[in-house]
Amino acid sequence: MLDIDISNLAILVIYPDGTFDSVPIEKYEIHMPYFRELRKKSPIFRTITEGLDFSISIHDHVDRFLAKVGIVLIYNVFLYVDSNTLKYNIDPLFVTCLPTVYGSKEQKETFYKIIRSSNVDNFLFGRYDTLSGDIKETKSLRNEVLSDELMSLPGIGERK
């Protein structure tokens, strides 16, 4: 398994070559500041997303763009812990935005290694739909992801 606890990450992107970048949960309660942090930290992410507007607070356009260019995005829905979260011990919830087609076997292996390191029940899986331009979540996609033969194989992705 990868040496990574994604429950402490705000966002994680997996590039077509199987490598990835991530930003840990720190102080923000919305995702766009984390995308801005990733742009500062990662030359690859900065180059890929050149021209995208990161000044707004909504990140749907970033989700769609990354999926369109073949990047897997995983983001943690719960960005901060408050007294209620601690009191009720809420598990993390991850939204996964998949491209229509994976970039490589390495990308898929890294993705499966990452989701295997967590409780897969805590993942929602959406795929970029080229017709609508949206990321759509379906039960059949969940079944497809979890039944893929690579789900049981070790991956080779490395943290950038």
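Over residues 155–160, pLDDT stays under 50. The model still has 23 contacts there beyond four places in sequence. This is a predicted model, and where pLDDT is low, the predicted coordinates should not be read in detail.

Now the wider view of confidence. The protein averages a pLDDT of 84, and 86% of the residues score at least 70. Helix α2, residues 43–48, has the highest confidence, at a mean of 97. Helix α4, residues 83–88, has the lowest, at 51.

Strand β1 covers residues 9–14. It pairs with β2 in the antiparallel sense, over five bridges. Five residues lie between the two strands. Among the hairpin's residues, glycine 18 takes a positive phi near 95°.

Why is strand β2 largely enclosed by the rest of the structure? Because four of its five residues, 20–24, are buried.

Next, the inside. The largest nonpolar core has 21 residues. Leu12, Ile74 and Phe111 have the most contacts inside it. At least two core residues come from each of β1, β3 (72–76), β4 (94–98), α5 (105–116), β5 (123–128) and α6 (139–147). Helix α5 gives the most, with four.

Definitions and conventions: Residues numbered from 1 in each chain as written. Predicted model: local features only at pLDDT ≥ 70, side-chain atom pairs only at ≥ 80, totals over all residues. Heavy atoms only, no water. pLDDT = per-residue confidence, 0-100. Contact = heavy atoms within 4.5 Å. Buried < 20%, exposed > 50% of the residue type's maximum accessible area, 1.4 Å probe, protein only. Pairing = 2+ DSSP bridges. Core = buried A, V, L, I, M, F, W, Y, C linked by side-chain atoms within 4.5 Å.
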